[in-house]
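Please open the model in your viewer and follow the stops below in order. Each stop names a selection and then describes what is found there.

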Amino acid sequence: MVNSFDIRLPDDWHLHVRDGDTMKDVVGHTGSQFGRAIIMPNLKPPVTDAQGALQYKQRIQDALVGQPAFEPLMTLYLTDRTTPEMILEAHATGAAHAAKLYPAGATTNSDSGVTNIAAMDDVFAALADTGMLLLLHGEVTDSAIDIFDREAAFLETILPAIIRRHPTLRIVLEHITTEMAVDFVEAAAPNVGATITAHHLLANRNHMLAGGIRPHFYCLPILKRDSDRIALLRAATSRNPKFFLGTDSAPHAIEDKESACGCAGSYTAAQAMALYATAFEEAGALPSLEAFASLHGPEFYGLPVNTDRLVFERKAQIIPDRYTFGPSAVRPFFAGTSLQWTTHRA
Ligand code: DOR
Ligand code: ZN
């Protein structure tokens, strides 16, 4: 049995750190395990232009002074008012690597998202021209569609047209949750990839709903069947370069989760790499962790791999009940359970 190993320092290709005091409480958790992270722009108000992205990046960097080197990679939040010029400016100033499309109303802070994806062709063309990536929250928002089918409906009704109309655009289908999404991405051209979260590799909808309703498992896209989880695990461990790590760690104050109408999001940042190692080891695939966590993402984004290392030791840790989160607290995913791995930067 392997008791310790190290890999090239990973990156998190999908992360929410929020802003202000709450951001200061969580961003160090990511910096302790990752060299870079793609920072989601769904603040209130959202980060929609180059200037906003540069300012947000500075606030994150200011919060990390004195801590190990960590680079926030910024994204723009697409709205109905985003113009191709805004994309060109974000590229020219180096403010953002990618643009995030939330269908309006799909998830947390997505009310300013895009209402008519068919009207975004000029913006998508600007992304393709500059080499910036399009990051998709791949769910339809039609209230008539069952919540467990919203990713599938997006793959059937929306994504094929985007790919057909923009064949050179690099597209990341974020936080995929279904066997159907795995199959879709595998069959698509090489410029279509996907991120996979730790929570979707470790949990299915029974964790959330059987024997009691557990709000800390509620995230979007929602957890699916165990057969879907197994398909995700197969993709993540396959060494197919289309699949790479994105935690979608999404902190919310405990009272906003444990509520009659709780927010979507699971907080995994503090134990992210130990959680992924747990999933990979259960699949007998620890040797494939580095490719998924540290190599495929940089390759897809066209960035160099990190030179630092992350060390894993077989040393049990119990996930704490809570972490400070501004004036409140955040409860981590799998709180109270014991993980067999701990990690530290070399
Ligand atoms: O569970 C989620 N939480 N999914 C998202 O798409 C957004 C995120 C958040 O910002 O809380
Ligand atoms: Zn997200």
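Contact, as the word is used on this tour, means heavy atoms within 4.5 Å. The model is a predicted one.

**Stop 1: helix α7**

Select residues 179-187, which form helix α7. Within α7, the residues Ala181, Val182 and Val185 are buried. Viewed down the axis of α7, these buried residues fall within an arc of 105 degrees, so they line one face of the helix. To see what the buried residues of α7 pack against, display α5 (150-157), β7 (171-173), β8 (192-196), α10 and β9 (243-245).

**Stop 2: α7 against α10**

Because angles under 35 degrees count as roughly parallel, α7 is described as roughly parallel to α10. Show side chains next: α7 contributes Glu179, Val182, Asp183 and Glu186 to the contact, while α10 contributes Ser227, Asp228, Ala231, Leu232, Arg234 and Ala235. Coloured by class, this contact has four nonpolar, one polar and five charged residues.

**Stop 3: the zinc ion**

Centre the view on the zinc ion (ligand 2). Which residues coordinate the zinc ion? The donors are His14 (NE2), His16 (NE2) and Asp248 (OD), at 2.1 Å. Along the chain, the donors follow the spacing H-x1-H-x231-D. His14 lies in strand β2 (residues 12-15), whereas Asp248 lies in the loop between β9 and α11 (254-257), so this pair ties together parts that are 234 residues apart in sequence. Both His14 and Asp248 are buried.

**Stop 4: Thr82**

Move to Thr82, in the loop between β4 (71-77) and α3 (84-92). Is Thr82 buried or exposed? With a relative accessibility of 7%, Thr82 counts as buried. Leaving aside residues up to four places away in sequence, Thr82 touches Tyr77, Ile87 and Val123.

**Stop 5: helix α12**

Finally, select residues 272-282, helix α12. How many of the eleven residues of α12 are buried? Nine of them are, and the helix is mostly covered. The buried residues run through Ala272, Met273, Ala274, Leu275, Tyr276, Ala277, Thr278, Ala279 and Phe280. Just after α12, inspect the backbone at Gly284, which takes a positive phi of about 65 degrees.

Conventions:
Residues are numbered from 1 along each chain as its sequence is written. Chains are lettered from A and ligands numbered from 1 in the order in which they are written. This is a predicted model: local features need pLDDT of at least 70, side-chain atom pairs count only at pLDDT 80 or more; totals for chains, interfaces and linings use all residues. Side-chain values use heavy atoms; hydrogens and water are left out. Axes are lines fitted to C-alpha atoms, for helices over the stretch in contact, and angles run from 0 to 180 degrees between N-to-C directions. Helices (H or I, at least four residues) and strands (E, at least two) are DSSP runs, numbered from the N terminus. Angles under 35 degrees count as roughly parallel, over 145 as roughly antiparallel, 65 to 115 as roughly perpendicular and the rest as oblique. Ala, Val, Leu, Ile, Met, Phe, Trp, Tyr, Cys and Pro count as nonpolar, Asp, Glu, Lys and Arg as charged, and the others, Gly among them, as polar. Buried means under 20% relative accessible area, exposed over 50%, partly exposed in between (1.4 Å probe, protein chains only). The arc is that of the directions from the helix axis to the C-beta atoms. Donors are N, O and S atoms within 2.8 Å of the metal (3.2 Å for Na, K and Ca); water is not among the atoms, so sites may look incomplete.
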